[in-house]
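Here's a quick tour of a protein model, written for someone who likes to check each detail in the viewer. Have the structure open as you read.

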Amino acid sequence: MPSRRSPGLAQLRPGASLPDMKASVFVDNNAPLVVEELTLDDPGPSEVHVKWAASGVCHSDVSVWNGKLPLPPPSILGHEGAGVVVAAGETVAGFKTGDHVVGNFKPLCGDCFYCNSGQSYICEQSMMLGMGRMPWNRGDGSKLMGAIGGLGTFAEESVVHEGALVKINNDTALEEAALIGCGVTTGIGSALFAADVQPGSTCVVIGCGGVGQAVVQGCRIAGAENIVALDLNASKRNAAQEHGATHAIDPSKGDADALIKSLTNNRGADYVFEVVGTSALQRQAYDLTRPGGSVVWVGVAGMMDETSLPAAMITLDNKRVIGTIYGSANPRTDFAKFIDYAKQGKLDLKGMVSQRIGIHDINEAFTAMLEGDVIRSVVIYD
Ligand SMILES: NC(=O)c1ccc[n+]([C@@H]2O[C@H](COP(=O)([O-])OP(=O)(O)OC[C@H]3O[C@@H](n4cnc5c(N)ncnc54)[C@H](O)[C@@H]3O)[C@@H](O)[C@H]2O)c1
Ligand SMILES: [Zn+2]
Ligand SMILES: [Zn+2]
């Protein structure tokens, strides 16, 4: 049971004025998240107070929770959210109470080398803007940060830097808009921007979870002729075919290499996307790619992992190995583009939501994700 906030907790902490907010707190690696009542600091200059309406559960949250991504507890996970602005702090010009927003898990400063060269997804200030602040207060007096981009979408409400939000039209369902905040943008962007998939090409997607399904859709939008989905899970392979995959194969049973060769006059695929995050599969992606083709690493491997590639052949075969964060997309312009794709019927967001859950159900959602059964669980807040 969550403990009740003692009356007057907010008054004990200067600047903390928003009581009775719940969050599912990451207390320890591999231990269940615990729902706690917290208070939230008021938004300071350049900060915005958001009430989340919905949050997707992404594998990157699981990777922080199980220690694959070393961001130590305690903190608040969740980085794929959409909601409504409660209040904007001083100096915030772009947001006002009632605006609908999607969280940007790579908060941007708008003024560094990368922001000025159209690469806000690697903004130099991003880490500091997201994690350099701890706006949530626990009953024991300690403070919490949002682990990924400072968003903390596993809390009902957050105070975030204005560069961590993108305004959207009020006519978009927030449950679907939430998915734009990570999985959809990462997947579609990987196909359209990082790989620049060309019409008529042959694409392979290794791992068809939330992000991989969006890669499949991005390849379809780009006009790929063949899209081969590889996943161990049958329901993911079926969903990939609904999202545009022309072929699907269980890599533990079928011969993916033979299938791809049969589709390409023995050349190999033009683009292969690794969307799981292991060295072995990153190497497999390289091997399935034709000479002159592109290998795109979307999945995030362990922080200390290294992947071995054939040093001479990568040159002699003129292959490109591309890493991509956030699908190399710029949230301020590309979120609206992807929402338009959904409105035009080019992008299926509804089919990405496997189950709607409450704030107490995130542990079960982690298990379901690890067992491969859900594309996206989406936490719905009141
Ligand atoms: N680059 C980025 O900006 C970015 C953004 C979001 C997520 N990610 C990363 O992308 C990866 C996928 O995230 P997700 O949320 O889609 O995860 P997910 O758990 O929903 O999907 C992973 C899928 O891989 C499948 N899989 C597992 N082992 C496999 C194998 N050996 N062969 C084929 N398929 C296999 C699973 O069945 C599952 O469907 C994670 O590593 C995550 O951290 C990267
Ligand atoms: Zn994510
Ligand atoms: Zn910047």
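What follows covers the ground rules, the domains, the metal site and some backbone details.

## Ground rules

This is a predicted model, so to speak of local features pLDDT must be at least 70, and side-chain atom pairs count only at pLDDT 80 or more, while totals for chains, interfaces and linings use all residues. Residues are numbered from 1 along each chain as its sequence is written, chains are lettered from A and ligands numbered from 1 in the order in which they are written, and side-chain values use heavy atoms, with hydrogens and water left out.

The protein splits into domain 1 (9–181 + 349–380) and domain 2 (184–325), with bounds from an automatic or database domain assignment. Their C-alpha centres sit 29 Å apart. Domain 1 puts 18 residues into the contact and domain 2 puts in 21, contact being heavy atoms within 4.5 Å.

About 1,400 Å² is buried between the two domains, with carbon and sulfur atoms giving 63% of that; buried area here is the accessible area (1.4 Å probe) that two parts lose on being put together, summed over both. On the domain 1 side, Lys68, Met352 and Ile375 supply 37% of the area buried against domain 2, more than any other three residues.

What about salt bridges across the interface of domain 1 and domain 2? The rule finds zero, looking for a side-chain nitrogen of Lys or Arg within 4 Å of a carboxyl oxygen of Asp or Glu. It does find eight residue pairs in polar contact, both at pLDDT 80 or more. A polar contact is a pair of N or O atoms within 3.5 Å; within protein, one must be able to donate a hydrogen and the other to accept it, and residues adjacent in sequence count only if both atoms are side-chain atoms.

## The zinc site

Which protein donors hold the zinc ion (ligand 2)? They are Cys58 (SG), His79 (NE2) and Cys182 (SG), at 2.0 to 2.3 Å. Donors are N, O and S atoms within 2.8 Å of the metal (3.2 Å for Na, K and Ca); water is not among the atoms, so sites may look incomplete. Along the chain, the donors follow the spacing C-x20-H-x102-C.

## Backbone details

A cis peptide bond joins Pro73 and Pro74, with omega about -5°. Ser46 has a positive phi of about 65° despite not being a glycine. Asn266, also not a glycine, has a positive phi of about 75°.
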